[in-house]
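Please look through the structure below with the sequence beside it. The text after it goes from the whole chain to single residues.

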Amino acid sequence: MIASVKGKLEGVTTESVIIDVNGLGVEAIVPTTVINLLPKIDENIKLHTYLHVREDVMQLYGFLEKEDLDFFKLLITVNGIGPKAAIAILSSMPTDILTFAILSEDTKTIQKAQGIGAKTAKKLVLELKDKVGIIKTPQNTGSEIYDNAALTIGINSEIKDEAVQVLTALGYSQTEAVKAISTVEMYEEMTSEELVKLSLKNLM
């Protein structure tokens, strides 16, 4: 088992990195979120890794954060989601957004990942909804994200619900709508129309 790899960044492709570990070039497939945060070539880097072994191939997957690796391992426990699909999911959104989408049963957001259809997204939510709160993401815990959003917009749940319905009717996912609304500073006499207008500013 290879738990982590540390060395100098030797090369980068659209889906993987090569790390020079004492003269040995080690390739690891990574989410695009990792590629966007890589150091410069020849600078030091450490990846938390998972070695996927099949009869015909051994492939290493790498993550900058241990929490992202834990989420990856959780995703591949879902029937029908292999390492490739898990990487696609983690490439499409940060883990805090994914956690919130699972907790709020927002399959529309999950389907934004390449190769993930409605059936797989529903299965993912069903199997992981009671598990994601256990894993801490680098940004927050899933349960905290969900609870904080609810508290922030809980001044008037009816107004909040109306605003969410309007935003989703405009094409935004439930997760996008709730997160946008949660950033609005609400006051006691705010109407749903005012809440929608302010929320739209956060979505543009």
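What follows is an account of a predicted model, starting with the chain as a whole.

The protein chain has 10 helices and 5 strands. It is 204 residues long, and 43% of them count as buried. Its accessible surface comes to about 11,300 Å², and carbon and sulfur atoms account for 50% of that area. Contacts across the sequence can be sorted by how far apart the partners lie. Among contacts between residues at least 6 apart in sequence, 55% join residues at least 24 apart.

Strand β1 covers residues 4-12 and strand β2 covers residues 16-21; the two run antiparallel and are joined by 4 bridges. Within this pair, Leu 9 has Ile 19 of β2 opposite it.

Most residues other than glycine have a negative phi. Asn 22, although not a glycine, has a positive phi of about 55 degrees. Asn 22 lies in the loop between β2 and β3. Is Asn 22 buried or exposed? Its relative accessibility is 83%, and the cut-off for exposed is over 50%, so Asn 22 counts as exposed.

Asp 42 is another residue other than glycine with a positive phi, in this case near 80 degrees. Asp 42 belongs to the loop that runs between α1 (32-35) and β4 (44-53). With a relative accessible area of 53%, Asp 42 is exposed.

Helix α4, residues 95-103, gives a view of the interior. How many residues of α4 are buried? The count is 9 of the 9, so α4 is largely enclosed by the rest of the structure. Among these buried residues are Thr 95, Asp 96, Leu 98 and Leu 103. Just after α4 comes Glu 105, which takes a positive phi of about 55 degrees.

One of the elements that α4 meets is helix α9. Two packed helices are described by the angle between their axes and the distance between the axes. For α4 and α9 the angle is about 110 degrees and the axes are 10 Å apart. An angle of 65 to 115 degrees counts as roughly perpendicular, and α4 and α9 are therefore roughly perpendicular to each other. On the α4 side, the contact is made by Ile 97, Phe 100 and Ala 101, and on the α9 side by Thr 175, Val 178 and Lys 179.

The last stop is Ser 173, in the loop between α8 (157-169) and α9 (174-182). Why does Ser 173 count as buried? Its relative accessibility is 1%, and buried means under 20%, so Ser 173 falls in that class. The side chain of Ser 173 makes a polar contact, at 2.7 Å, with the side chain of Thr 109. Leaving out residues up to four places away in sequence, Ser 173 touches Asp 106, Lys 108, Thr 109 and Thr 168.

Notes: Residues are numbered from 1 along each chain as its sequence is written. This is a predicted model: local features need pLDDT of at least 70, side-chain atom pairs count only at pLDDT 80 or more; totals for chains, interfaces and linings use all residues. Side-chain values use heavy atoms; hydrogens and water are left out. Two strands pair if DSSP finds at least two bridges between them. Buried means under 20% relative accessible area, exposed over 50%, partly exposed in between (1.4 Å probe, protein chains only). A polar contact is a pair of N or O atoms within 3.5 Å; within protein, one must be able to donate a hydrogen and the other to accept it, and residues adjacent in sequence count only if both atoms are side-chain atoms. Contact means heavy atoms within 4.5 Å. Accessible areas come from the Shrake-Rupley method with a 1.4 Å probe; for residues, only the protein chains shown count as cover. Axes are lines fitted to C-alpha atoms, for helices over the stretch in contact, and angles run from 0 to 180 degrees between N-to-C directions. Angles under 35 degrees count as roughly parallel, over 145 as roughly antiparallel, 65 to 115 as roughly perpendicular and the rest as oblique.
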